[in-house]
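Please open the model in a viewer and keep the selection panel at hand. The stops below proceed from individual charged pairs to the chain as a whole.

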Amino acid sequence: MTSPRSPHSSAPAPRLIATDLDGTLLRDDKSVSERTVAALAAAEQAGIEVFFVTGRPARWMDVVSEHVHGHGLAICANGAAVVDLHAGGTFLEVRPLERPAALAVVRALRAAAPGTSFAVELTTGIHYEPQYPPFFLDPGATVATAEKLLFEETPGAAAPVLKLLAQHPELDPDEFLAVARETAGDQASFTRSSPTALIEISALGVSKASTLARCCAERGITAEEVVAFGDMPNDIEMLSWAGRGYAMGNAHPEVIAAASGRTVGNNEDGVAVVIEQLVAEALAAAGDGPTQG
């Protein structure tokens with residue numbers, strides 16, 4: 001197995017690990033390996049906080065909820081929400097996409113990319129258009145046009161919109177993302193994490209990186225003290241912001257280009273490989289053991 005490439009041998013000791021889930025911490029079967037579970041616990045024991053930072057909504061966090069220690073917080077929906085996993089995914093902070101902006105995006109993408117279908121992720125669940133592809137369909141979801149899903153009789157009274165999802169049946173995923181950004185980049189933030197042409201749309205300025213930066217500032221943690229892991233375009237800002245940003249061996253080419261370090265793939269426990277090294281270095285610095293090569 002190839003050893004991970006370390007981005008900065010002289011970087012400050014890490015105080016926080018921020019890791020994506022799908023394609024990064026999780027194996028392809030969506031499991032958390034025993035090695036990874038042990039590495040996460042060792043990091044927390046060594047005084048290094050761990051934040052799960054994902055595009056997933058809070059209701060899909062059960063896969064890792066029992067592996068979060070200490071603060072119990074996670075950043076969900078690409079930065080649109082901070083939730084408390086110790087309290088069953090309770091929302092502590094929401095950075096919503098305002099409905100007028102979401103409607104403007106819908107109109108723009110319908111014109112620029114005919115055939116686009118939409119889903120609306122609210123704090124209360126997901127709703128989608130009839131043409132939206134079946135994907136973890138929620139039996140409690142409303143099926144209607146995006147315009148109807150986003151309509152509210154009294155502005156500000158309905159559940160906050162965490163993100164808008166747009167899917168195209170034919171376009172190349174990166175091409176679709178480029179079209180969306182060019183068409184409506186002044187209305188919202190666009191990214192993607194799926195291998196298909198599915199883009200995720202948040203409020204302007206909302207990203208994994210911007211919300212992680214807010215959480216770190218509250219704790220007096222600088223970017224240089226953060227180690228981040230990711231594999232898809234929605235991780236690029238976070239990996240670029242962190243003092244040490246690791247792309248997975250299975251990462252998108254743009255993620256590899258943006259990261260300052262690289263580890264092995266998610267099915268080879270690439271996150272755990274790096275965490276084990278970080279913990280060994282922390283213990284050695286404290287005089288509790290030797291470093292590992």
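A salt bridge is a side-chain nitrogen of Lys or Arg within 4 Å of a carboxyl oxygen of Asp or Glu. The model is predicted, so local features need pLDDT of at least 70 and side-chain atom pairs count only at pLDDT 80 or more, while totals for chains, interfaces and linings use all residues. Residues are numbered from 1 along each chain as its sequence is written, and side-chain values use heavy atoms, with hydrogens and water left out.

**First selection: Glu 93 and Arg 214**

These two residues form a salt bridge, and their closest N and O atoms are 2.4 Å apart. Glu 93 belongs to strand β5 (residues 90-94) and Arg 214 to helix α6 (residues 208-218), so the pair ties together parts that are 121 residues apart in sequence. Helices (H or I, at least four residues) and strands (E, at least two) are DSSP runs, numbered from the N terminus. Arg 214 is partly exposed, at a relative accessible area of 38%. Here, buried means under 20% relative accessible area, exposed over 50%, and partly exposed in between (1.4 Å probe, protein chains only).

Lys 208 forms a salt bridge with Asp 235, with 2.5 Å between the closest N and O atoms. Lys 208 lies in helix α6, whereas Asp 235 sits in the loop between β11 (226-230) and α7 (236-241), so this pair ties together parts that are 27 residues apart in sequence. Are Lys 208 and Asp 235 buried or exposed? Lys 208 is buried, with a relative accessible area of 1%, and Asp 235 is buried at 0%.

The closest N and O atoms of the salt bridge between Arg 219 and Glu 218 are 3.8 Å apart. Arg 219 is partly exposed, at 24% relative accessible area, and Glu 218 is exposed, at 61%.

**Final view: the whole chain**

A search of the whole structure finds 16 salt bridges. Display the chain as a cartoon to see nine helices and 13 strands. Colouring by accessibility shows buried residues making up 53% of the 293 residues. Of the contacts (heavy atoms within 4.5 Å) between residues at least 6 apart in sequence, 57% join residues at least 24 apart. Along the principal axes, the C-alpha atoms fill a box of roughly 60 × 35 × 30 Å.
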